[in-house]
Amino acid sequence: MKSKVFLPASLFAVGLLSLPSLPASAAALCTAGTVTASGLGSSTSCIGAFSGNDAQGNGTGALFDQLSTGVFSGITNWTFVGKSDEGAFTAPDTSSSGNWSIATGITGPFVLSLKAGNAWSAYFFENVNNLAVLGGTWETDGVSTNQRGIAQDLSHATIYRAVVDTPPPPKPIPEPGTTAALGLFALGAFGRLKQKRVG
């Protein structure tokens with residue numbers, strides 16, 4: 001009789017051991033979080049969340065690979081500004097929301113990436129008016145949440161700025177009135193010269 005009870009209990013224990021464990025964190029959709037830049041408001045668009053790390057200390061990594069494909073407005077030329085955990089700018093990593101700031105204003109398009117748990121999301125700011133952006137706000141709801149759906153604390157933030165070639169300013173084209181005046185002046189001077197030769 002003991003063997004009849006022991007067998008089902010053994011199978012139950014083996015079944016529990018074979019269940020997959022629940023992840024400590026879950027990736028979220030980047031649109032679940034809000035990231036802003038002073039003077040610009042919320043990000044223009046975003047990508048993520050992706051698992052792993054966004055960038056290495058030298059700027060290489062998964063985020064740079066994504067940016068190089070033109071994922072944001074077709075821009076493929078990006079410069080690594082830096083990471084918050086390396087002192088390039090500030091973004092406190094002790095909570096799931098806060099402020100970010102940088103000493104030198106960023107003009108033109110840029111991307112702010114947030115890493116929390118084992119995931120990252122990138123937020124694009126088009127900045128068409130080339131405002132000098134010095135900071136903004138962030139929250140990690142769009143990056144990583146725990147099993148209860150609570151946003152995880154920031155690990156670090158990363159900034160890239162777009163290298164946008166600006167065409168040279170156009171050469172000034174004289175107004176029609178100026179061109180006509182110059183033409184009349186030339187005709188008058190030529191006529192005066194001819195008069196002096198004849199007379």
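**Notes on the predicted model**

1. Let's start with the disulfide. Cysteine 30 and cysteine 46 are joined by a disulfide, with 2.1 Å between their sulfur atoms; the term covers a pair of cysteine sulfur atoms within 2.5 Å. A disulfide is a covalent bond between the sulfur atoms of two cysteines. The structure holds one disulfide. The bridge links distant parts of the chain, 16 residues apart: cysteine 30 sits in the loop between strand E1 (25-27) and strand E2 (36-37), and cysteine 46 in strand E4 (residues 45-51). Its S-S torsion is about 75°, so the disulfide is right-handed. Cysteine 30 is buried, at a relative accessible area of 5%; buried means under 20% relative accessible area, exposed over 50%, and partly exposed in between (1.4 Å probe, protein chains only).

2. A word on ground rules. This is a predicted model, in which local features need pLDDT of at least 70 and side-chain atom pairs count only at pLDDT 80 or more, while totals for chains, interfaces and linings use all residues. Residues are numbered from 1 along each chain as its sequence is written, and side-chain values use heavy atoms, with hydrogens and water left out.

3. Please keep an eye on confidence. The predictor's confidence in each residue, pLDDT, runs from 0 to 100. Its mean over the chain is 81, and 70% of the residues reach 70 or more. Across residues 5-25 the pLDDT is below 50, and this stretch has ten contacts in the model beyond near neighbours in sequence. A contact here means heavy atoms within 4.5 Å. Where pLDDT is low, the predicted coordinates should not be read in detail.

4. Now the overall layout. The chain has three helices and eleven strands, arranged along the sequence as α-β-β-β-β-α-β-β-β-β-β-β-β-α. Helices (H or I, at least four residues) and strands (E, at least two) are DSSP runs, numbered from the N terminus. Of the 199 residues, 32% count as buried. Among contacts between residues at least 6 apart in sequence, 73% join residues at least 24 apart. The accessible surface comes to about 12,200 Å², with 61% of it belonging to carbon and sulfur atoms; the areas come from the Shrake-Rupley method with a 1.4 Å probe, and for residues only the protein chains shown count as cover.

5. On to the cores. A nonpolar core is a set of buried Ala, Val, Leu, Ile, Met, Phe, Trp, Tyr and Cys residues joined through side-chain atoms within 4.5 Å. The largest has 22 residues, of which Trp100, Leu112 and Leu114 touch the most other members. Two or more residues come from each of strand E6 (97-106), strand E7 (110-116), strand E8 (119-125), strand E9 (133-139) and strand E11 (154-162). E7 contributes the most, with four residues. A second, separate core of 13 residues includes Ala55, Leu63, Leu67 and Tyr160.

6. Valine 111 deserves a look. This residue belongs to strand E7 and is buried, with a relative accessible area of 0%. Leaving out residues up to four places away in sequence, valine 111 touches Leu67, Phe72, Trp78, Ala122, Tyr123, Phe124, Thr158, Ile159 and Tyr160. The C-alpha atoms of valine 111 and phenylalanine 124 are 4.5 Å apart, although the two residues are separated by 13 residues along the chain.

7. The aromatic rings come next. Rings of Phe, Tyr and Trp (its six-membered ring) pair if their centres lie within 6.5 Å; planes under 30 degrees apart count as stacked, over 60 as edge-to-face and the rest as tilted. That rule gives seven aromatic pairs. One of them, phenylalanine 72 with phenylalanine 124, is stacked, at 4.9 Å centre to centre and 5° between the planes. The partners are 52 residues apart: phenylalanine 72 in the loop between helix H2 (62-67) and strand E5 (78-83), phenylalanine 124 in strand E8. Phenylalanine 72 is buried at 2% relative accessibility, and phenylalanine 124 is buried at 1%. Phe64, Phe80 and Tyr160 form one aromatic cluster.

8. Finally, some backbone details to check by eye. The peptide bond from glycine 48 to alanine 49 is cis, with omega near 10°, and alanine 49 is in strand E4. Serine 73, in the loop between H2 and E5, has a positive phi near 55°. Asparagine 127 also has a positive phi, near 50°; this residue lies in the loop between E8 and E9 and is buried at 4% relative accessibility.
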